[in-house]
Amino acid sequence: MNHEEEVALSTEDGKELEDIFNCIKADYGGLFWVESFRYTQYQKNGQTEAMSFAPNYTMTAEERQEMQKKIDVQAEQYLKEIRKDASEYEKVREIYRKLIRKVDYNLDSENNQNIISVFLGKETVCQGYASAMQYLLDRLGVPCVIVTGMAKGGPHAWNLVQIEGEWYYADVTWGNSKYHDDEEKDIKYIEYDYLNITTEEMMKDHSPQVKFELPECTAIENNYYVKEHKYFTSLDEESVSKIGNVFRRAYEKGRSHVSVKFENRELCAQAKEYFLTQYHISEYCSGLETVYYKTDMQMNIFVVIFP
């Protein structure tokens with residue numbers, strides 16, 4: 001943080017130093033000016049007596065200050081539109097939305113391992129999204145950690161967020177529909193499958209590889225679908241009406257899409273059959289002649305896309 005060139009350390013274990021460095025990066029998404037480190041061990045008669053830590057900076061202290069000013073101008077645009085009395089859930093939801101709307105996923109983006117790509121380049125990858133999520137939520141007073149590991153066979157980064165004392169997983173990258181699509185003509189929209197979910201749900205396709213202990217996320221009260229009244233545990237007459245009204249409100253407001261979540265796969269399949277295959281959605285969306293949809297039977301979610 002002080003941009004010092006070298007610091008003497010008490011530890012004598014280089015591997016421990018690497019773990020500590022990675023833990024610091026998980027807590028501080030705004031570290032855009034340092035990407036790695038080197039260390040030197042000083043030995044006498046074969047025994048390590050001291051060790052020094054030297055960050056590998058990507059810019060000078062002056063360049064860092066100028067870059068920080070530019071980042072702060074853009075970061076303020078994200079923060080100023082959030083109400084001062086917003087709940088922790090609302091803060092997390094709004095930052096999640098804003099990052100997806102304002103920043104595109106691009107493997108070839110510059111500085112995509114830090115927040116420069118997000119705030120100045122407007123293009124990034126998973127590490128940039130996760131770092132920016134932590135950076136912005138920290139400014140809003142919401143505890144947030146960057147988690148790294150593997151997902152669907154490749155390296156990935158996502159977040160842990162704490163809302164009302166309970167931890168949840170969030171993955172901004174996988175909330176960007178363009179991340180999943182190859183066609184440039186496809187319209188980008190926000191997917192909420194990975195906004196405030198449990199450990200059980202996250203570990204279906206994410207494998208953390210971190211040295212710090214991860215909390216067991218079991219709460220669902222601040223899951224997006226639960227909080228927004230789009231989560232259903234039955235398909236009785238009342239629930240069917242509520243689901244239909246979710247579609248109706250989105251359609252009448254001119255939304256491009258809307259999604260709903262179910263307690264289990266069977267309910268999700270039954271609801272898809274009723275509303276989409278049998279086309280009962282037309283009873284709630286007057287004049288709707290064509291509709292597209294995407295299903296995620298792993299998360300028990302389907303997305304209705306209005307043409």
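**View 1. Arg93 counts as buried, because its relative accessibility is 14%.** Buried means under 20% relative accessible area, exposed means over 50%, and partly exposed lies in between (1.4 Å probe, protein chains only). This is a predicted model, in which local features need pLDDT of at least 70 and side-chain atom pairs count only at pLDDT 80 or more, while totals for chains, interfaces and linings use all residues. Residues are numbered from 1 along each chain as its sequence is written, and side-chain values use heavy atoms, with hydrogens and water left out. Arg93 forms a salt bridge with Glu94, and their closest N and O atoms are 3.0 Å apart. Such a bridge puts a side-chain nitrogen of Lys or Arg within 4 Å of a carboxyl oxygen of Asp or Glu. Salt bridges with shared partners link Arg93, Glu94, Arg97 and Glu228 into one network. Glu94 is also buried, because its relative accessibility is 18%.

**View 2. Helix H3 spans residues 88-102.** Helices (H or I, at least four residues) and strands (E, at least two) are DSSP runs, numbered from the N terminus. H3 has 15 residues and reaches 21 Å from its first C-alpha to its last, close to the expected 21 Å. The expected span is 1.5 Å times one less than the number of residues. H3 is mostly covered, with 11 of its 15 residues buried. Among them are Tyr89, Val92, Ile95, Tyr96, Leu99 and Ile100. The buried residues of H3 pack against helices H2 (61-79), H4 (116-121), H5 (126-139) and H8 (224-227). Strands S7 (154-163) and S9 (195-197) also pack against them.

**View 3. Arg83 has salt bridges with Asp85 and with Glu90.** The Arg83 and Asp85 side chains meet at 2.9 Å, N to O. For Glu90 and Arg83, the closest N and O atoms are 3.1 Å apart. Arg83 counts as partly exposed because its relative accessibility is 46%. Asp85 counts as exposed because its value is 60%. Glu90 is partly exposed, at 21%. A search of the whole structure finds 12 salt bridges.

**View 4. The largest nonpolar core has 64 residues.** A nonpolar core is a set of buried Ala, Val, Leu, Ile, Met, Phe, Trp, Tyr and Cys residues joined through side-chain atoms within 4.5 Å. Those with the most contacts inside this core are Ile95, Leu99, Phe119, Met133, Leu136 and Leu137. Contact means heavy atoms within 4.5 Å. Neighbours within four places in sequence aside, Phe119 touches Ile71, Gln74, Ala75, Tyr78, Ala132, Tyr135 and Leu136. A second, separate core has 22 residues, including Phe262, Cys268, Cys285 and Val304.

**View 5. Met1, Ile20, Ile24 and Tyr28 form a nonpolar surface patch.** Together they have about 390 Å² of accessible area. Areas come from the Shrake-Rupley method with a 1.4 Å probe; for residues, only the protein chains shown count as cover. Patches are made of residues with over 30% relative accessible area and no salt bridge: like charges are joined within 9 Å, nonpolar side chains (Val, Leu, Ile, Met, Phe, Trp, Tyr) within 5 Å. Ile24 lies in helix H1 (residues 14-27). Ile24 is partly exposed, at 38% relative accessibility.

**View 6. Helix H1 has 14 residues.** H1 reaches 20 Å from its first C-alpha to its last, close to the 20 Å expected. Gly14, Leu17, Phe21 and Ala26 are buried in H1. Their cover includes strands S1 (7-9), S2 (34-44), S3 (47-57) and S6 (144-151), along with H5.

**View 7. Arg248 sits in helix H9 (residues 237-252).** Arg248 is partly exposed, at 26% relative accessibility. Neighbours within four places in sequence aside, Arg248 is in contact with Tyr284 and Cys285. Val258 is 10 residues from Arg248 in sequence and 9.8 Å from Arg248 in space, C-alpha to C-alpha.

**View 8. The whole chain holds 10 helices and 14 strands.** Its C-alpha atoms fill a box of roughly 80 × 40 × 35 Å, taken along the principal axes. Of its 307 residues, 47% count as buried. The chain exposes about 16100 Å², and carbon and sulfur atoms supply 44% of that area.
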